[in-house]
Amino acid sequence: MSDADTRADTAPSPEAAPETTRCPGCGAVLVVVPGLANTHVGASASCAGLFQVTVRGLREEAAQDVSTAALLQLATDAYDAQHLPEGEPAAAPVRLCLELERAVDAGRAAALGDRVAEVAPRLQTRPGRWTTTVADLAADLDVVDLPTLVHAWADAVWTDWAPAHPALRAAADRALLG
């Protein structure tokens, strides 16, 4: 028996391939984790779980470090913008506008939460395809530092919302005036 025969005998069969699911929010195809509770409306349980694992370190450090808290808020806003439930106000994309275009600190953008929710438009369409998802973020963590990945992800999510930019910018300006 050759090494190739041995490898062929121990290779997983197609029947043993893990079950996958497509996230309804970002479209990432992820392995189904049995028993994993869905913690985010608009996302699959696997996607929400991957996000929680990816930002766990940020969550643990956020209370002690303002810049880490701001990075966590930016990551949360990018994630929420990709997983916006149908018919809900587009508050997360408005917060991204505040953070990325209006130079509002992520903490202040989050503090404007009630005002942002009040002025956020209910958009009829959302991006059909996302340039970057949390799955891409997690896959690149071994070669790129998390702050760089989060900033690039937030920029990509904001860019993906380009057709709605006029409405989102107007809402961001109203939130700042309120």
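Student: Why is Arg-102 called partly exposed?

Tutor: Bear in mind that we're working from a predicted model. Arg-102 has a relative accessible area of 28%. Buried would need under 20% and exposed over 50%, so 28% puts Arg-102 in between, as partly exposed.

Student: What makes the pairing of Arg-102 with Asp-173 a salt bridge?

Tutor: The closest N and O atoms of the two are 2.8 Å apart. The rule asks for a Lys or Arg side-chain nitrogen within 4 Å of an Asp or Glu carboxyl oxygen, so Arg-102 and Asp-173 pass.

Student: What makes Arg-169 and Glu-101 a salt bridge?

Tutor: Their side chains meet at 2.6 Å, N to O, and the limit is 4 Å, so the pair counts. Here, too, distant parts of the chain are linked: Arg-169 belongs to helix α10 (residues 165–177), Glu-101 to the loop between α5 (91–100) and α6 (106–111), and they are 68 residues apart. Arg-169 is partly exposed at 28%, and Glu-101 is partly exposed at 31%.

Student: How many salt bridges are there by this rule?

Tutor: The count is 6. Another of them joins Glu-118 and Arg-115, again at 2.6 Å, N to O.

Student: Where do Glu-118 and Arg-115 lie?

Tutor: Both are in helix α7 (residues 113–119), 3 residues apart, or about one turn of the helix. Glu-118 has a relative accessible area of 59%, so with the cut-off at over 50% we call Glu-118 exposed. Arg-115, at 23%, is partly exposed. Elsewhere, salt bridges with shared partners tie Glu-101, Arg-102, Arg-169 and Asp-173 into one network.

Student: Let's talk cysteines. How many disulfides does a search of the whole structure find?

Tutor: It finds 0. Take Cys-26: the closest cysteine sulfur, in Cys-47, is 3.7 Å from its own. A disulfide needs the sulfurs within 2.5 Å, so 3.7 Å is too far for a bond.

Student: How do you know whether Cys-26 is buried or exposed?

Tutor: Its relative accessible area is 7%, which is under 20%, so Cys-26 is buried. Cys-97 is buried as well, with a value of 0%.

Student: What sits around the centre of the largest pocket?

Tutor: Cys-26 turns up again there: of the 14 lining residues, Arg-22, Cys-26, Gly-27, Arg-129 and Trp-130 lie nearest the centre. The pocket holds about 180 Å³ of space. By type, the lining splits into 6 nonpolar, 4 polar and 4 charged residues.

Student: Why is helix α2 called mostly covered?

Tutor: Of the 10 residues in α2 (residues 45–54), 7 are buried. Cys-47 is one of them, along with Ala-45, Ser-46, Ala-48, Gly-49, Phe-51 and Thr-54. These buried residues pack against β1 (20–22), β2 (29–31), α3 (56–62), α4, α8 (134–140) and α9 (146–160).

Student: What about Asp-77, a charged residue: buried or exposed?

Tutor: Asp-77 has a relative accessible area of 0%, so against the 20% cut-off this residue is buried. Asp-77 lies in helix α4 (residues 66–82). Beyond neighbours within four places in sequence, Asp-77 contacts Ala-92, Arg-95, Leu-96 and Glu-99.

Student: And which residues does Ala-78 contact?

Tutor: With neighbours within four places set aside, Ala-78 is in contact with Leu-96, Trp-153, Ala-154 and Val-157. Ala-78 is in helix α4 and counts as buried, at 0%.

Student: Last one: what makes Val-94 buried?

Tutor: A relative accessible area of 0% is under 20%, so Val-94 qualifies. Val-94 is in helix α5. Not counting residues up to four places away, Val-94 touches Val-116, Ala-120, Pro-121, Leu-168, Ala-171 and Ala-172.

How values were computed: Residues are numbered from 1 along each chain as its sequence is written. This is a predicted model: local features need pLDDT of at least 70, side-chain atom pairs count only at pLDDT 80 or more; totals for chains, interfaces and linings use all residues. Side-chain values use heavy atoms; hydrogens and water are left out. Helices (H or I, at least four residues) and strands (E, at least two) are DSSP runs, numbered from the N terminus. Buried means under 20% relative accessible area, exposed over 50%, partly exposed in between (1.4 Å probe, protein chains only). Contact means heavy atoms within 4.5 Å. On a 1 Å grid over the protein atoms alone, a cavity is a set of points where a 1.4 Å probe fits but cannot get out, and a pocket is an open set with protein on both sides within 12 Å along at least five of seven lines; lining residues have an atom within 4 Å of a point. Grid points are joined across faces, edges and corners, and a volume is the space filled by probe spheres set on the points. Ala, Val, Leu, Ile, Met, Phe, Trp, Tyr, Cys and Pro count as nonpolar, Asp, Glu, Lys and Arg as charged, and the others, Gly among them, as polar.
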